[in-house]
Amino acid sequence: MINMAVFHGFLEAIHHLPEMAKPEVLTDDERLARAKKVIRIKMDRGLALDLEACVNCGYCSEACHFYQSTQDPQYSPSRKLDLLRRVHARETSAFAPIKRLFTPDITVDDLKEWQPLVYDACTECGRCSMICPMGVNIARGVNVMREVLFEAGLAPLELLAVAQEQAGRGTVFGVGATELVQAVEAMRSQGIHMPLDEPQADVMMVTSVIDILLYQDALMATAKILNHLGVKWTLRSAGFEGANFGLLAGSEALQKEASRRLIDEALAIGAKTVLVPECGHAYPALRWDARLDDGLPLPFEVMAVSEYVGQQISNGRLQLSPGDPTRRITYHDACKLARHGGVVQEPRAALKALGVDFTDTTPTAETNWCCGGGAGAFLINRAEGLRYKAWEIKREQINATGADTVAVACGSCRLNLMAGAEKDQWPVKIESVVSLVAMQLKD
Ligand code: SF4
Ligand code: SF4
């Protein structure tokens, strides 16, 4: 049972994030110089190709929930990369000296105008790239734009505040090792085996601020499943936060620092597997982006917990008792898990094993609609109206399944769905995949 008072307290805390941010004081010339420097550094072959390949066909707009729900041309995915395109044309393209004659230079006003486009109006979901006939990777370009704006001192204050808190004190929303220990103690008092700071373990479990504050059901469920499987696992108080606000804000340095904490702990205990919690962006941050200091791949496996649980069910190691066959459950694919990570079948295998009436959405899997609140958009106060517009697409898609429950494998999606549900008095239950599985573990 979710504590709605905590949920509302969390929403209220988001409103005060801008007061906590410490933005850099920069002149306009400094902002522009920093922005251009990042664009030059990031302009590799892939990005240059993405910028040059676009034929302005407009198909990507049809795929974007922000454009679809508003029909506002400023939210066209391709347009979100226009500043990169202009700098590339003027400075790094093959015919730069000629293109410079008819391509206007970017200005600080342009950077400010693009801030809501690449933070509020893009969840880096990647759906547009799946539709694009030229294969333009718009989500990557938007991520570069976030790095550009972060370096120019123009990241939204909400994301800046949380990224600075995570880099400085190592906490997120005030949740650090002390709060983790309190949560662990509370679960131990309910009779759940919760290993913490074990010196050696095969599986290191990562959690997140949102699970400690609000979705303790998911944290507890993961523990119950690992205990049921007889796995030697542990949480580590010096590295437990899966959420990576450096990635969301656009700071590569802060992103690496947050990943470093997890990597160090996993190496220290000789973990073979690191389990990422139900948190969409935590998964690509560690699985795809993180590297050892020397650039080599991580020497352990990184798995999303829904992926791990689905695999254990599919290979017969985890068996569930029969559920209610009249209960109709559908699944919302978190973009970072499904489209970016290929975690599609495993959560479905887990849900189908519940013995309920599982009904998929249309479209589904890699082409499923985004919830509208990912990549930090949920934390940006200004984006609230736009998020709700995008949520309407998700709501109608789920309604069309006739499901009484939607299962999610991402705490951020869960937050956004809960906010939409509360606004619309939406009756569909919103549940975590691991929590549903843990409720039906076979003795
Ligand atoms: S990545 Fe997603 S949110 Fe961003 S422009 Fe593409 S479809 Fe829209
Ligand atoms: S679908 Fe691809 S080629 Fe067409 S406008 Fe969008 S980014 Fe450009």
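**Reading cavities and pockets**

Tutor: The largest cavity takes the largest share of its lining, four residues, from helix H23. Keep in mind that this is a predicted model.

Student: How many cavities of 30 Å³ or more does the structure hold?

Tutor: There are five of them. The largest cavity has about 360 Å³ of space. Its lining has 30 residues, and Leu248, Cys279, His281, Gly411 and Ser412 are the closest to the centre. Besides H23, the elements that supply at least two residues each include helix H14 (209-213), H16 and helix H20 (335-338).

Student: Which classes of residue make up the lining of the largest cavity?

Tutor: That lining counts 18 nonpolar, ten polar and two charged residues. Domain 2 (167-311) and domain 3 (319-438) each give at least three residues to it.

Student: What lines the second largest cavity?

Tutor: The second largest cavity, with a volume of about 90 Å³, is lined by 14 residues. Nearest its centre lie Cys64, Lys80, Cys122, Cys125 and Cys128. Helix H6 (65-70) and H11 are the elements that give two or more residues to this lining. By class, the lining splits into nine nonpolar, three polar and two charged residues.

Student: Now the pockets. How is a pocket told apart from a cavity?

Tutor: A pocket is an open set of points, whereas in a cavity the probe fits but cannot get out. In this structure, the largest pocket holds about 750 Å³ of space. It is lined by 33 residues, with Asn143, Leu247, Gln255, Pro284 and Asp289 closest to its centre. Among the elements giving two or more residues to that lining are helix H10 (127-131), helix H11 (138-151) and helix H18 (282-289). Helix H17 gives the most, six residues. The classes are 13 nonpolar, eight polar and twelve charged.

Student: Where does the second largest pocket lie, and why there?

Tutor: Domain 2 (167-311) and domain 3 (319-438) both give residues to its lining, so the second largest pocket lies between them. The volume of this pocket is about 540 Å³. Of its 21 lining residues, Met1, Ile2, Asp217, Arg414 and Glu431 are the closest to the centre. H15 has the largest share of the lining, with five residues. Twelve residues of the lining are nonpolar, three are polar and six are charged.

Student: Which residues are around ligand 2?

Tutor: They include Cys54, Cys57, Cys60 and Cys132, along with Pro133 and Met134. The shell around ligand 2 has ten nonpolar residues, two polar and no charged.

Conventions. Residues numbered from 1 in each chain as written. Chains lettered and ligands numbered in written order. Predicted model: local features only at pLDDT ≥ 70, side-chain atom pairs only at ≥ 80, totals over all residues. Heavy atoms only, no water. Near = heavy atom within 4 Å. Nonpolar A, V, L, I, M, F, W, Y, C, P; charged D, E, K, R; others polar. 1 Å grid on protein atoms, 1.4 Å probe; cavity = no way out; pocket = protein on both sides within 12 Å on 5 of 7 lines; lining within 4 Å. Points joined across faces, edges and corners; volume = space filled by probe spheres on them. Domains from an automatic or database assignment.
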